[in-house]
Amino acid sequence: MPTSSCKEIRDALAQCLQESECVMVQRNSAADCLREPLVDTLPLKCKQLKKGFGECRRGMVDMRKRFRGNQPIAFTKIQKTEDTGEGYQLYAGKSAFAGTRGETDGNSKAPEDWREAENRKYREAQEAAAKKS
């Protein structure tokens, strides 16, 4: 039986499996749906929860996490990010895409590279110095 650090993601996986076509329509057991070849019929959300639950269980015995503890992402946080449309990383930390500079539709001008900005400032300073002399 998993400890409390994986309980929430385990419950979410169980709920996802109960609502899946594999269990509801095809009448397979949830355990059978988690094994090959039926695992391929599961929706993406269930596959992600299965992977996250496995990583959570693995994290319980990972010696690198023994001081900080196993820190799986809370399923309520996953649901919240689905509602807001922000991306999330299923396990252990912040999203790889959250907190970036901003979203773009591809039509805006790309920001100037810092090297180009420094070169431009240097050239302007050189021109100003040449005008003075």
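Modeller: Of the 133 residues in the protein, 22% count as buried, where buried means under 20% relative accessible area, exposed means over 50%, and partly exposed lies in between (1.4 Å probe, protein chains only). Keep in mind that this is a predicted model: local features need a pLDDT of at least 70, side-chain atom pairs count only at pLDDT 80 or more, and totals for chains, interfaces and linings use all residues. Residues are numbered from 1 along each chain as its sequence is written, and side-chain values use heavy atoms, with hydrogens and water left out.

Helices (H or I, at least four residues) and strands (E, at least two) are DSSP runs, numbered from the N terminus. The protein exposes about 10400 Å², with carbon and sulfur atoms supplying 51% of that; accessible areas come from the Shrake-Rupley method with a 1.4 Å probe, and for residues only the protein chains shown count as cover.

Helix 4 covers residues 44–60. At 1.5 Å a residue, its 17 residues should span 24 Å, and the end C-alpha atoms are 25 Å apart, which agrees. That expected span is 1.5 Å times one less than the number of residues.

Now look at which way the residues of helix 4 face. Cys46, Leu49, Gly52, Phe53, Cys56 and Gly59 are its buried residues. Seen down the helix axis, the buried residues of helix 4 fall within an arc of 140°, so they line one face; the arc is that of the directions from the helix axis to the C-beta atoms. The general rule is that an α-helix has 3.6 residues a turn, so residues three or four places apart point the same way. On the other side of helix 4, you'll find Leu44, Lys51 and Arg58 exposed.

A disulfide is a covalent bond between the sulfur atoms of two cysteines; here it is called when a pair of cysteine sulfur atoms is within 2.5 Å. A search of the whole structure turns up three disulfides.

Start with Cys56, which is joined to Cys6 with an S to S distance of 1.9 Å. This pair links distant parts of the chain, 50 residues apart: Cys6 sits in the segment before helix 1 (7–19), and Cys56 in helix 4. The torsion about their S-S bond is about -100°, so the disulfide is left-handed. Cys6 and Cys56 are both buried.

Next comes Cys46, whose sulfur is 1.8 Å from that of Cys16. Cys16 belongs to helix 1 and Cys46 to helix 4, 30 residues apart, so to say distant parts of the chain joined up. This link is left-handed too, at -100° about the S-S bond, and Cys16 and Cys46 are buried.

Cys22 lies in helix 2 (residues 21–24) and Cys33 in helix 3 (residues 30–33), so the pair ties together parts that are 11 residues apart in sequence. With -95° about the S-S bond, the link is left-handed, and Cys22 and Cys33 are buried. Number the bonded cysteines in sequence order and the pairing reads 1-6, 2-5, 3-4.

Of its 15 residues, Cys33, Leu42 and Leu49 touch the most other members. Helix 1, helix 2 and helix 4 each supply at least two residues of this core, and helix 1 gives the most, with five. Leaving out residues up to four places away in sequence, Cys33 touches Leu17, Cys22, Val23, Asn28, Leu38, Val39 and Leu42; contact means heavy atoms within 4.5 Å.

One last stop, in the loop between helix 3 and helix 4, is Pro37. The peptide bond from Glu36 to Pro37 is cis, with omega near -5°.

Conventions. A nonpolar core is a set of buried Ala, Val, Leu, Ile, Met, Phe, Trp, Tyr and Cys residues joined through side-chain atoms within 4.5 Å.
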